[in-house]
Amino acid sequence: MITIHPGNVYAILQPGDIIAWLLVGLISGYIASILVRGRGFGCLGDIVIGLIGSFIGGMIANYLNISGNFHFCGTIVISVIGAVILLTIIKLLFGDR
């Protein structure tokens, strides 16, 4: 679960949250990969992209002063936004390989 308050972005890890983070990473990384590339990067690649996207999305939400407690679906939306930005930057820098 990502919790965002003005000036702070932090994650609360509870038992079982690691599995939730991996699941959010997989789902958001896959969705972002489909939106940007038209295909996924594989299970591990999608998880990594989604987890980095979660961090980027959280930073953007913090910068825009979007605050609140985002549960599973909200976390996926924020992660997808961050992952799409990440993949777009990678695609601009390195092309579509």
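Reply: Accessible areas here come from the Shrake-Rupley method with a 1.4 Å probe, and for residues only the protein chains shown count as cover. This is a predicted model, in which local features need pLDDT of at least 70 and side-chain atom pairs count only at pLDDT 80 or more, while totals for chains, interfaces and linings use all residues. Residues are numbered from 1 along each chain as its sequence is written, and side-chain values use heavy atoms, with hydrogens and water left out.

The protein has three helices and three strands, in the order β-β-α-α-β-α from the N terminus on. Helices (H or I, at least four residues) and strands (E, at least two) are DSSP runs, numbered from the N terminus. Of the 97 residues, 33% are buried; buried means under 20% relative accessible area, exposed over 50%, and partly exposed in between (1.4 Å probe, protein chains only).

The part I'd pick is helix α3, residues 72–94. Its 23 residues reach 32 Å from first C-alpha to last, close to the 33 Å expected at 1.5 Å a residue. That expected span is 1.5 Å times one less than the number of residues. After α3 comes Gly95, with a positive phi near 80°.

Now for the inward side of the story. The buried residues of α3 are Thr75, Ile76, Ile78, Ser79, Val80, Gly82, Ala83, Leu86 and Leu87. In soluble globular proteins, nonpolar side chains tend to be buried together.

Not counting residues up to four places away in sequence, Leu87 touches Ala32, Ser33, Val36, Phe41 and Ile49. On the α1 side, Ser28 is buried, because its relative accessible area is 0%. Beyond its neighbours within four places in sequence, Ser28 is in contact with Gly50, Ile76, Ser79, Val80 and Ala83. Val84, also placed in α3, has a relative accessible area of 24%, so Val84 counts as partly exposed. With neighbours within four places left aside, Val84 meets Ala32, Leu35 and Val36. The C-alpha atoms of Val84 and Ser28 are separated by 9.0 Å, although these residues are 56 apart along the chain.

Finally, the surface. Val77, Ile81, Ile85, Ile89, Ile90, Leu93 and Phe94 make a nonpolar patch of about 650 Å². Patches are made of residues with over 30% relative accessible area and no salt bridge, with like charges joined within 9 Å and nonpolar side chains (Val, Leu, Ile, Met, Phe, Trp, Tyr) within 5 Å. A salt bridge is a side-chain nitrogen of Lys or Arg within 4 Å of a carboxyl oxygen of Asp or Glu. Val77 counts as partly exposed because its relative accessibility is 49%. An α-helix has 3.6 residues a turn, so residues three or four places apart point the same way.

Terms used. Contact means heavy atoms within 4.5 Å.
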